[in-house]
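Reader: I've got the sequence and the model open side by side. Can you walk me through a few spots, one question at a time?

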Amino acid sequence: MNVLIIGSGAREHAMAWAVARSSKVSTVFVAPGNGGTATMGGKVRNVAVKATDIDALLDLVAKESIGLTVVGPEQPLEAGIVNRFREAGLKVVGPTAEAACLETSKVFAKEFMKRHDIPTASYEVFRDYASARAFLESCASFPQVIKASGLCAGKGVVVAMNREESLAAIHEFFESRIFGEAADEVVIEAFLTGQEASVFALTDGENYQLFLSAQDHKRIGEGDTGKNTGGMGAYAPAPLVTPEVMRRVEEEVIRPTLAGMKADGYAYTGFLYVGLMIDNGALSVVEYNARLGDPETQVVLPMLKSDLFEALLASVDGGLEAVPFEMQAGAAATVVMASAGYPDAYETGKAILIDPSVNEMEGVLVFHAGTRREGETLVTSGGRVLSVTARAGLLKEALDRAYGAVKAIGFEGAYCRRDIGAKAL
């Protein structure tokens, strides 16, 4: 079967790598892909179609006789790509636009969790600056967590440590409109203590399979300081998510979420990402995503021992519970190499040099994010440029391998955090 992966990041590069390993897959098309997927060779081909151009993607599927489409990023989901593909009688992995509201509307997600008794922080919803300001001026305790309800590429969250920071945040959201319509609604919720971890499931709407848990590093600076980013590194499994915690996640979050979505008339299919805050075993849902996370995908997919394609197909056709879904022993880690200035303004077009020795390094995989080809030269095209991943028997060894590979890769202004995985160690 021919497969289409929609997206252009390191997540989609990792998906293409995993799907192409299946003996049941003929060709993997990546739309639009990046400089890494462009040179994978073998089964993998880039096609110059934007991830949000649903009409062109439908034409591509017909032209290339594609039997299964996998949606990587959130924007096409919000635009209703799954609805459109299903209306055309096509097989597609992902939730409908209505079900994807678990990610695309934080207000929807919070109200859903409240309605179905899924543990999450207490919250208030605001739709104008004046009411939000009045609430924050009356708050007796800080920090407060302020979130734009809509999609903001992982950057629409401010943990305000005091009243001044909180008022500045809502001014930027409502008055300066830094996130546009995504901040028409704003959620202000209680600050949760503990550590964050992520759990990923693949579901056909009723049954599900679990990937390894993971923990990512969202802040730009070491020691989890500075601005939020799309993610500067990750590792799997997360020691924080013990077998007992995972059992509770299934019982208190995943099963009630799938049952609640079905009961509400929005049967949820595809990937479900649950971001959790865990404090001495107690857990709360911080957020849902309607797709796999980035950079977590770059560590959870390399740890999947069984055939990802078979599971993806079963998530559409049903019978997912009967499909092998086995993880490898050991651990994986990824270190994101970013452009200088990210997550603020940064330059692109910087030549990337990857020493050939990287290809020979045991357990190392380099997934491209913000790269493109200019003739024979690989250059930067985004804030997060590469996701340097390594597998090993132990997390410390995986991290050593990943950082060893980072030393063999260079581009002007390259930046990475040097403390990925420190919490787990």
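Reader: Let's start with Lys147. Is it buried or exposed?
Author: Keep in mind that this is a predicted model. Lys147 is found in strand β7. The cut-off for buried is under 20% relative accessible area, and Lys147 has 4% relative accessibility, so Lys147 counts as buried.

Reader: What is the order of the strands in the open sheet?
Author: The sheet is built from 4 strands, and the pairing is antiparallel. β6 (123–126) and β8 (157–160) stand at the edges with a single partner strand each, so one side of each has no neighbour in the sheet. From one strand to the next, the twist averages 20°. Reading across, the order is β6-β9-β7-β8.

Reader: Which residue in β8 is the bridge partner of Val145?
Author: Strand β7 covers residues 144–148 and runs antiparallel to β8, with 4 bridges joining them. In β8, the partner of Val145 is Val159.

Reader: What angle does the direction of helix α8 make with that of β7?
Author: Two helices to look at here pack on the sheet. Helix α7 (residues 129–138) touches β6, β7 and β9 (186–190), and its direction makes about 150° with that of β6. Helix α8 (residues 163–175) touches β6, β7, β8 and β9. The direction of α8 makes an angle with that of β7 of about 5°.

Reader: On to the cysteines. How many disulfides does the structure hold?
Author: A disulfide needs cysteine sulfur atoms within 2.5 Å. Take Cys152, which is buried with a relative accessible area of 12%: the closest cysteine sulfur, in Cys101, is 15 Å away, so that is too far for a bond. For the structure, the number of disulfides is 0.

Reader: Why does the ring pair of Phe211 and Phe271 count as tilted?
Author: The count comes to 10 aromatic pairs, and in this one the ring centres are 6.3 Å apart. Planes under 30 degrees apart would be stacked and over 60 edge-to-face, with the rest tilted. The planes of Phe211 and Phe271 are at 40°, so the pair is tilted.

Reader: How many residues apart are Phe211 and Phe271?
Author: Phe211 is in the loop between β11 (208–210) and β12 (215–216), while Phe271 is in strand β16 (residues 270–279). Phe211 is buried at 2% relative accessible area, and Phe271 is buried at 3%. The pair links distant parts of the chain, with a separation of 60 residues.

Reader: And Tyr346: what is its relative accessibility?
Author: Its ring pairs with that of Tyr342, with centres 6.3 Å apart and planes at 65°, so the pair is edge-to-face. Tyr342 is buried, with a relative accessible area of 9%. Tyr346 counts as partly exposed, at 35%.

Reader: Which backbone nitrogen lies 3.1 Å from a polar atom of the Ser213 side chain?
Author: Ser213 has its place in the loop between β11 and β12, and it counts as buried at 4% relative accessibility. Leaving aside neighbours within four places in sequence, its contacts include Ser198, Tyr235, Pro237, Ala238 and Met246. The nitrogen at 3.1 Å is that of Ala238.

Reader: Back to β16. How many of its residues are buried?
Author: β16 pairs in the antiparallel sense with strand β10 (residues 195–203) over 9 bridges, and there Val199 stands opposite Val274. β16 also pairs with strand β17 (residues 282–289), antiparallel again, over 7 bridges. β16 is mostly covered, and the buried count is 9 of its 10 residues.

Reader: Which residue in the turn of the β16 and β17 hairpin has a positive phi?
Author: Within the pairing, Tyr273 stands opposite Asn289 in β17. The hairpin leaves 2 residues between the strands. The positive phi, about 55°, belongs to Asn280.

Key:
Residues numbered from 1 in each chain as written. Predicted model: local features only at pLDDT ≥ 70, side-chain atom pairs only at ≥ 80, totals over all residues. Heavy atoms only, no water. Pairing = 2+ DSSP bridges. Axes fitted to C-alpha atoms, helices over the stretch in contact; angles between N-to-C directions. Contact = heavy atoms within 4.5 Å. Buried < 20%, exposed > 50% of the residue type's maximum accessible area, 1.4 Å probe, protein only. Phe/Tyr/Trp six-rings, centres within 6.5 Å; stacked < 30°, edge-to-face > 60°. Polar contact = N/O pair within 3.5 Å; in protein donor to acceptor, adjacent residues only side chain to side chain.
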